2 protein chains.
Amino acid sequence: MAYRALTEQEAVQYVKELPGLFSEGADLSSREIGDGNLNLVFDIREEATGKSVIVKQALPYARVVGESWPLTLDRARIESEALQIQYKRVPELVPQVYHFDQELALTVMENVGDHIIMRKGLIEGNRYPLFAKQIGKFLAHTLFYTSDLGSHPYEKKALVGRFINPELCKITEDLVFTDPYENAPTNNFNPLIQREVEAIWQNKPLKLEIAKLKYDFLTRAEALLHGDLHTGSIFVTKTSLKVIDPEFAYYGPLGFDIGAVIANLLLNYAGQHGLQADPGERESYREYLLETVEDVWNEFVSQFVQLWHKQAKERSAHVEGLWESYVNRLIQDTAGYAGCKILRRVIGLAGVADLNEIADEQTRAEAERLALAIGEALILQRTKIGESTDITDLVRSVTAKFYQEAATV
Amino acid sequence: MAYRALTEQEAVQYVKELPGLFSEGADLSSREIGDGNLNLVFDIREEATGKSVIVKQALPYARVVGESWPLTLDRARIESEALQIQYKRVPELVPQVYHFDQELALTVMENVGDHIIMRKGLIEGNRYPLFAKQIGKFLAHTLFYTSDLGSHPYEKKALVGRFINPELCKITEDLVFTDPYENAPTNNFNPLIQREVEAIWQNKPLKLEIAKLKYDFLTRAEALLHGDLHTGSIFVTKTSLKVIDPEFAYYGPLGFDIGAVIANLLLNYAGQHGLQADPGERESYREYLLETVEDVWNEFVSQFVQLWHKQAKERSAHVEGLWESYVNRLIQDTAGYAGCKILRRVIGLAGVADLNEIADEQTRAEAERLALAIGEALILQRTKIGESTDITDLVRSVTAKFYQEAATV
């Protein structure tokens, strides 16, 4: 079938014709639940049994903040293949793919609608005690087994070829690594922080470090990344976690994925300035977030290093000192990428609800200034970072300075 | 036509049928001039006009030192496409491709048979005053324009996909970066240096640095490399230079190509210990070689940086300080890769005539020990290197120490 965007009824019909999903004559309902900016997302459900699936179809364009531009349908293939590779490693943490249709750029997959978007959960002040263990495992396994360490050299190179993803990488290259650091038309920030944003545009040491991080993003084909691992791509319950939407998947530096998780925890941390009015509650939730940052890294690294010792196929992997040197570099990359991801969410095109939902513009501007200070410190001081507490210590000291200065104004 | 290895007569017939090369009824002779280990190479010539072409056909196997293993015919496509990309940038430095036949894994190209193999020229003690300028230009232009700096992000990523070259990369991964540093069956070294080779197998800091360089070779998709740029892939006259045989081409770290050139100059430098009996002549030729090492880097870097300033398309390329930081890292990579390339030529499967042609085993062992000491120093001390004279100073000091120790034995 040649590509066309499906209607709700066509989506139902499509699913009915797939073998093994629903019984013949099942009574299915369909509801489009996507935001319509990039994809159609149909929730298809059999009321009688409660069984449901998601049909996700890529649209041939992207719409963000009123703008619209053409965007490759190949991202549906990338997403579907990435999901399947991740599922093979951590089936409990990724929705199962039932069917992929290249022509229609359409994937039929497990419905994780009983979970909620983690960003929403954090904004509501929920705690997820299993989150660090779960996301640490996701990161360790998906990254290790697609890297040169955990896969055969032929297999890794074949995957690099299958995950060449120029159009979606270009979005990251522009919106994460370039536009926010100059006066670009895509930027979209609170006018109250104009002074701080302009200071970033003038900050030469910062821009140099971001350019280096960008160059590494462009060139270091280390592992199959999710590529967009913010808390809006993570669905959670108190006990379960599902990582969705890997359409930005490509071979890049591991620290970019780990940094994305940490950045989004820290964006919520900054947002607490306006999200939580009670100082005691705010402090307590922030401590929870910082502990989670530490735990995410610690869980990741302990599982990753264990895989390295037990499963590494690369012949040089067991050379003495290599894993320590690798991990040391990786936490610094992680901090740097976390910093870029924070800055871009404050200055660039796509903001986050953790900040945007702060109703009062002044309060929001304060939270945004704190986020900028944290992002900047992570980038500029990343070479001093050796363990996860160095990251949280840095955040604590930036925060203390921030409230001190606010108190003296 | 399905693949089969051509006979000399079939090669003539094949060329005759190509439009535009020879006139109908031309009287052509054919001579197979390859070594038959990897490829058939036919020199096809019209005596009446002196016109000639090369027909190079890949064989579906590789034979080295008696061993034979299957090897992908796709390397003929890689070689032919790499030659054409390089020709586009530096047509005077690369043989022109007239025709490529995917089925037959066969390329018809310009005959550069009026040149000689540079390795041979160096062993004969010739000097090539234009060499550094020429190879510096080749490196600067072919690397710059295929990197993220000099090409559009979509174009670069498409090229990465076209130059995924798993089988030939695996040969490098094994023979340059792994086998020589352990007691591997492929190794093939002079029994007289057993002690020095075993010391390398035990040298943990050295093995760690080599493992890091290997990891970068595996992951850093920076530019389309030639991939095997030793002095046997460079054809020269006093005025002209042609780079041939890019069948190992793939996207990797720039320093690997530059390091290969420098390594092979330094292998000849070490070989002078046995190639040149007259101490004055030896000293003078070694000075010429070290000046050439400096000039190769200096020519490369000045042309590369000029291209960067004038032609860089990457939006972040002009961030203050980036090119300096890039070049600083690059010369260190270059030294490291040069070191690996030297070590592997002494210990590993494929030696070089610069050493192997030294008839006396004892003298050859001495030259090989000097080469090992130079290679080791380049790898271990590369982070102290900032400019080309740091490389040659290092070589001079290793050499002085070597002769001092020899004198006290």
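Between chain A and chain B the count is 12 salt bridges. This is a predicted model, and the contact between the two chains involves 39 residues of chain A and 39 residues of chain B. Among the structure's five cavities of 30 Å³ or more, the largest has a lining to which helices and a strand of both chains contribute.

**Extent of the interface**

- Chain A and chain B bury about 3500 Å² between them, and carbon and sulfur atoms account for 61% of that area.
- On the side of chain A, the residues that lose the most area to chain B are A:Lys157, A:Tyr215 and A:Arg315; together these three make up 19% of what that side buries.

**Polar and charged interactions**

- One salt bridge joins A:Glu182 to B:Arg315, with 3.1 Å between the closest N and O atoms.

**Make-up of the chain A side**

- Four helices of chain A each give two or more residues to the side that touches chain B: H5 (153-162), H6 (166-175), H8 (204-219) and H11 (322-347).
- Of the elements of chain A, H8(A) gives the most to this side, with nine residues.
- By class, the side of chain A that touches chain B has 18 charged, 15 nonpolar and six polar residues.

**The largest cavity**

- The structure holds five cavities of 30 Å³ or more, and the largest cavity contains about 360 Å³ of space.
- Its lining consists of 28 residues; those that lie nearest the centre of the largest cavity are A:Val160, A:Ala221 and A:Tyr251 from chain A, with B:Val160 and B:Ala221 from chain B.
- In chain A, H5, H8 and strand E12 (250-252) each supply at least two residues of this lining.
- In chain B, helix H5 (153-162), helix H8 (204-219) and strand E12 (250-252) likewise each supply at least two residues of the lining.
- By class, the lining of the largest cavity has 17 nonpolar, seven charged and four polar residues.

Key
Residues are numbered from 1 along each chain as its sequence is written. Chains are lettered from A and ligands numbered from 1 in the order in which they are written. This is a predicted model: local features need pLDDT of at least 70, side-chain atom pairs count only at pLDDT 80 or more; totals for chains, interfaces and linings use all residues. Side-chain values use heavy atoms; hydrogens and water are left out. Contact means heavy atoms within 4.5 Å. Buried area is the accessible area (1.4 Å probe) that two parts lose on being put together, summed over both. A salt bridge is a side-chain nitrogen of Lys or Arg within 4 Å of a carboxyl oxygen of Asp or Glu. Ala, Val, Leu, Ile, Met, Phe, Trp, Tyr, Cys and Pro count as nonpolar, Asp, Glu, Lys and Arg as charged, and the others, Gly among them, as polar. On a 1 Å grid over the protein atoms alone, a cavity is a set of points where a 1.4 Å probe fits but cannot get out, and a pocket is an open set with protein on both sides within 12 Å along at least five of seven lines; lining residues have an atom within 4 Å of a point. Grid points are joined across faces, edges and corners, and a volume is the space filled by probe spheres set on the points.
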